Amino acid sequence: MPPRNKVFDLPQEVREELNEKLVSSGFQGYEALAGWLSDRGYNVSKSSVHRYGQDLQEEFEEAMGSVRRTTEMAKAMADAVEDDEGNLIDATARLVQEHLLRISLEFRKMEIEPDAAAHHLGKVSKALDSLGRLSLSQKKHAKEMRAEVAKEAAAKAETSMASQGMSREAIDAIKRDILGIA
């Protein structure tokens, strides 16, 4: 079994910064990154950074592929189904909740600093809160749109029924039924 890569011995914040640099550079420039680490006082070889970067790139590409597939599925679902009730957003929220639970369970298994775990969980929770507000807003909008359509239908029905000679009492009763008024 090969020895553990020295990149994993770096402090969490340095490793996160290295991850950002690797992603933003398109997983290139390993010699410069090894130099950057050396300038910060960490003795990590170019080959260690390269091996770490290749593994991170594989994870990154797998995650991006998953995001692309999920995005395409969501587009297909949105195109195939009118979602006046917000079912797509609700389903997404349930998926995010499931992932949040999995992440919190993984944090318990990992040796991660409590402050870092709380920070990451806070970000995920904030995203979930935003998703919930979006769902409620979409449902409110859908309800308002249904009310507007009902008003338009009631107005057209009233005009049509009046031209047919229907009594005012019957017209008002039908309008109340259309508008859902008791």
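Accessible areas here come from the Shrake-Rupley method with a 1.4 Å probe, and for residues only the protein chains shown count as cover. With that settled, I looked up the surface of the chain: about 13,500 Å², with 55% of it belonging to carbon and sulfur atoms.

**Ground rules.** I am working with a predicted model, where local features need pLDDT of at least 70, side-chain atom pairs count only at pLDDT 80 or more, and totals for chains, interfaces and linings use all residues. Residues are numbered from 1 along each chain as its sequence is written, and side-chain values use heavy atoms, with hydrogens and water left out.

**Overall build.** I looked up the elements next. Helices (H or I, at least four residues) and strands (E, at least two) are DSSP runs, numbered from the N terminus. The chain has six helices and zero strands. I read the order from the N terminus as α-α-α-α-α-α.

I then checked burial. Buried means under 20% relative accessible area, exposed over 50%, and partly exposed in between (1.4 Å probe, protein chains only). Of the 182 residues in the chain, 21% are buried.

Contacts came after that, meaning heavy atoms within 4.5 Å. I took those between residues at least 6 apart in sequence; 55% of them join residues at least 24 apart.

**Aromatic pairs.** I searched the whole structure and got two aromatic pairs. Rings of Phe, Tyr and Trp (its six-membered ring) pair if their centres lie within 6.5 Å; planes under 30 degrees apart count as stacked, over 60 as edge-to-face and the rest as tilted.

Phe8 and Tyr52 have ring centres 5.4 Å apart and planes at 75°, so I noted this pair as edge-to-face. Phe8 sits in the segment before α1 (12-24) and Tyr52 in helix α3 (residues 46-80), so the pair ties together parts 44 residues apart in sequence. Phe8 is partly exposed at 38% relative accessible area. Tyr52 is buried at 7%.

Why is the pair of Phe27 and Phe60 tilted? Their planes stand at 55°, with ring centres 5.7 Å apart, so the pair gets that label. Phe27 is in the loop between α1 and α2 (30-39), Phe60 is in helix α3, and the pair links distant parts of the chain, 33 residues apart. I found Phe27 buried at 8% relative accessibility, and Phe60 partly exposed at 32%.

**Leu179.** Where is Leu179? I placed Leu179 in helix α6 (residues 168-179). Its relative accessible area is 33%, so Leu179 is partly exposed. Leaving out residues up to four places away in sequence, Leu179 touches Ala150, Lys151 and Ala154. I also noted Arg146, 33 residues from Leu179 in sequence and 9.7 Å away in space, C-alpha to C-alpha.
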